[in-house]
Amino acid sequence: MTPEHAIETLKAQAEPGRAEGMADYHKVPRTYLGVTNPVLNDLTKEWRQSLSLEDRIALADGLWQSNVFEGRVAAAKLLTQARINPDQAAWDLITSWLPDLDSWAIADHAMTAGQKRLIAAPSRIDQVEAWTKSDNHWTRRAAMVITLPFTKSNNPKPVELEIRERVLGWAATYVQDPEWFIQKSVAWWLRDLSKHAPDRTRAFMNENGKHMKRFARKEAEKYLGE
């Protein structure tokens, strides 16, 4: 399947009038087709099952380069899979997308694909840490989103706990950043962590919460109670 064929397949599934609403909502200039997320899920699942890994990576690359909203989302979904072996080419492609990130929806889909690859090879955290120094706030935000799985364990393994603490170190510097999306990413990370490690979240907030925007503090503490 070529990227052009895939885009035509997506166009055929578009809902009349939906594209205009999507463009207004996302507010980033690009082509929107008006395809719903469930349809994207079904199509990309079918493509994942029918294509070789090499062909999937090539298709994902082409769909991303199209700069069509649904094309970029589909590119990420094509590579969102726990087991990809070997997965270095997939990881390299996902990380190559970082300079193109310009909206939360596409960025979240891309980093959800990245989460699977980071879980598969936690040593990639060294590469992710470099993102925290980027001048691009979307790249800095990506470091928080891609590490979200490490908030979710009640009994983290040593490597998971090490990464968790490492990311909390990044978050401690991020709270000084006034950028809304950075503040939101820290709040999201802490909110999820609070469900599994409330005491550690409270300790972080006691030390760093005073630097956070009010909305971010409120979200971070949503599940902590009094």
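This is a predicted model: local features need pLDDT of at least 70, side-chain atom pairs count only at pLDDT 80 or more; totals for chains, interfaces and linings use all residues.
1. **Helix 5 against helix 7: geometry.** Two packed helices are described by the angle between their axes and the distance between the axes. Helix 5 spans residues 69-78, and helix 7 spans residues 104-120. Their axes come within 8 Å and cross at roughly 15°. Angles under 35 degrees count as roughly parallel, so helix 5 is roughly parallel to helix 7. The crossing of helix 5 and helix 7 is left-handed.

2. **Helix 5 against helix 7: residues.** Helix 5 contributes Phe69, Arg72, Val73, Ala76 and Lys77. Their partners in helix 7 are Ala105, Ile106, His109, Ala110 and Ala113. By class, the residues of this contact divide into 7 nonpolar, 1 polar and 2 charged.

3. **Helix 1 against helix 4: geometry.** Helix 1 covers residues 3-12, and helix 4 covers residues 53-65. The two pack at an angle of about 65°, with axes 9 Å apart. That angle makes helix 1 roughly perpendicular to helix 4. The crossing of helix 1 and helix 4 is right-handed.

4. **Helix 1 against helix 4: residues.** On the helix 1 side, the contact residues are Pro3, Ala6 and Ile7. They meet Leu59, Gly62 and Leu63 of helix 4. The contact of helix 1 with helix 4 has 5 nonpolar residues, 1 polar residue and no charged residues.

5. **Asp87: setting.** Where is Asp87 found? Asp87 sits in the loop between helix 5 and helix 6, the latter being residues 88-96. Is Asp87 buried or exposed? Its relative accessible area is 13%. Buried means under 20%, so Asp87 counts as buried.

6. **Asp87: partners.** Which residues does Asp87 touch, not counting those up to four places away in sequence? They are Arg117, Ala120 and Arg124. Two of these contacts involve polar pairs between side chains. A polar contact of 2.7 Å joins the side chains of Asp87 and Arg117. The side chain of Asp87 also makes a polar contact of 2.9 Å with the side chain of Arg124.

7. **Ala12: setting and distance.** Ala12 belongs to helix 1. Its relative accessible area is 63%. Exposed means over 50%, so Ala12 counts as exposed. Ala12 and Arg200 lie 188 residues apart in sequence. Their C-alpha atoms are 49 Å apart in space.

How values were computed: Residues are numbered from 1 along each chain as its sequence is written. Side-chain values use heavy atoms; hydrogens and water are left out. Axes are lines fitted to C-alpha atoms, for helices over the stretch in contact, and angles run from 0 to 180 degrees between N-to-C directions. Helices (H or I, at least four residues) and strands (E, at least two) are DSSP runs, numbered from the N terminus. Angles under 35 degrees count as roughly parallel, over 145 as roughly antiparallel, 65 to 115 as roughly perpendicular and the rest as oblique. A crossing is left-handed if the near helix is turned anticlockwise from the far one by less than a right angle, and right-handed if clockwise. Contact means heavy atoms within 4.5 Å. Ala, Val, Leu, Ile, Met, Phe, Trp, Tyr, Cys and Pro count as nonpolar, Asp, Glu, Lys and Arg as charged, and the others, Gly among them, as polar. Buried means under 20% relative accessible area, exposed over 50%, partly exposed in between (1.4 Å probe, protein chains only). A polar contact is a pair of N or O atoms within 3.5 Å; within protein, one must be able to donate a hydrogen and the other to accept it, and residues adjacent in sequence count only if both atoms are side-chain atoms.
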